[in-house]
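Me: I have a two-chain model to go through. Could we start with what joins the chains?

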Amino acid sequence: MVTNQAIEGSFQLIGGIFENAGNASIQLKQKLTELGIKEDVVRRAAIVTFEAEMNVIIYAAAGWLRYYITPQYIKIIVEDMGPGIEDIELAMQEGYSTAPEWIREMGWGAGMGLPNMKKNSDEFKIDSVVGEGTTVEMMINLTS
Amino acid sequence: MKLLDFVKVLSLDVKSYSDGLQQDVTGGYASDLLSDVLANSKKGAIWITLQTHQNIVAVANVKGLAGIIIVGGREPQKDTLDKAEAEKITIMTTSISAFETAGKIYQLLK
């Protein structure tokens, strides 16, 4: 890591705008690569960011994705104005999805998003209020 | 082997970013589930899929894949190709099935 300052960035995500999917992930990946962060960490950060973007695009009206890079960790926070998740435990199960058929035909909505995000983070927190929205906070350690 | 070698042997049609044909191919991955490709594909792999929409470009970009082969005679959408050109992702098409395409690529990489 070449800097001691925290680097941050944010993206506005609009529900249903699939053309922007992956933009936050690609930008974060570029930043992390420039900072000389090792490839496996960059890979994990890119996966969790992409999945987080998809969840907002598929399910919510809009949302924000923010990331912070410090010498110790990468933190990614995604907050959306979506329908919320009624049963988080169920939503975390691999293969469970509430995505409509047309989303599944695109190859999304296979019930892998949240499990992928959890699997590739060192810390994963999810809070959701039905009718208000969902917040996901993920951290990947850089010091281990 | 380079992407160009696979294009020749499998008679693939190159649809975007032909400059990418000089890239080395180090593996392959066949899936139509984008989260699966995000989670499990490896850098330098050729991705075999029947998905044609623009999100395949961002997935290939973020994973550092060597290129995308769209199988079964399906054609990528125009916005997919525009995005692929902009993000330097090589998209190829073939009329043969995913099974046969994967089989041939597997043999070539062995």
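Reply: The side chains of Glu39(A) and Lys43(B) form a salt bridge, at 3.8 Å from N to O. The term requires a side-chain nitrogen of Lys or Arg within 4 Å of a carboxyl oxygen of Asp or Glu.

Me: How many salt bridges are there between chain A and chain B?
Reply: The count is one.

Me: What are the conventions here?
Reply: This is a predicted model, in which local features need pLDDT of at least 70 and side-chain atom pairs count only at pLDDT 80 or more, while totals for chains, interfaces and linings use all residues. Residues are numbered from 1 along each chain as its sequence is written, chains are lettered from A and ligands numbered from 1 in the order in which they are written, and side-chain values use heavy atoms, leaving out hydrogens and water.

Me: How many residues of chain A and chain B are in contact?
Reply: In chain A 23 residues are in contact with 20 residues of chain B, contact being heavy atoms within 4.5 Å.

Me: And what area do chain A and chain B bury between them?
Reply: About 1,700 Å², with 57% of it on carbon and sulfur atoms. Buried area is the accessible area (1.4 Å probe) that two parts lose on being put together, summed over both.

Me: Now the sheet. What is the strand order in chain A?
Reply: Chain A has an open sheet of five strands in the order E1-E2-E3-E5-E4, with antiparallel pairing. Strands (E, at least two residues) and helices (H or I, at least four) are DSSP runs numbered from the N terminus, and two strands pair if DSSP finds at least two bridges between them.

Me: Which strands stand at the edges?
Reply: E1 (7–14) and E4 (123–129) of chain A; each has a single partner strand, so one side of each is left without a neighbour in the sheet.

Me: How many bridges link E1(A) and E2(A)?
Reply: E1(A) pairs with E2(A), residues 62–69, over eight bridges in the antiparallel sense. Within E2(A), Tyr67(A) is the bridge partner of Gly9(A).

Me: Turning to chain B, where is Ser11(B)?
Reply: Ser11(B) is in the loop between helix H1 (3–10) and strand E1 (13–16) of chain B. Although not a glycine, Ser11(B) has a positive phi of about 50°.

Me: Is Ser11(B) buried or exposed?
Reply: Ser11(B) is exposed, at 57% relative accessible area. Buried means under 20%, exposed over 50% and partly exposed in between (1.4 Å probe, protein chains only).

Me: What about Tyr17(B)?
Reply: Tyr17(B) counts as buried at 18% relative accessibility, and its phi is positive, near 40°.
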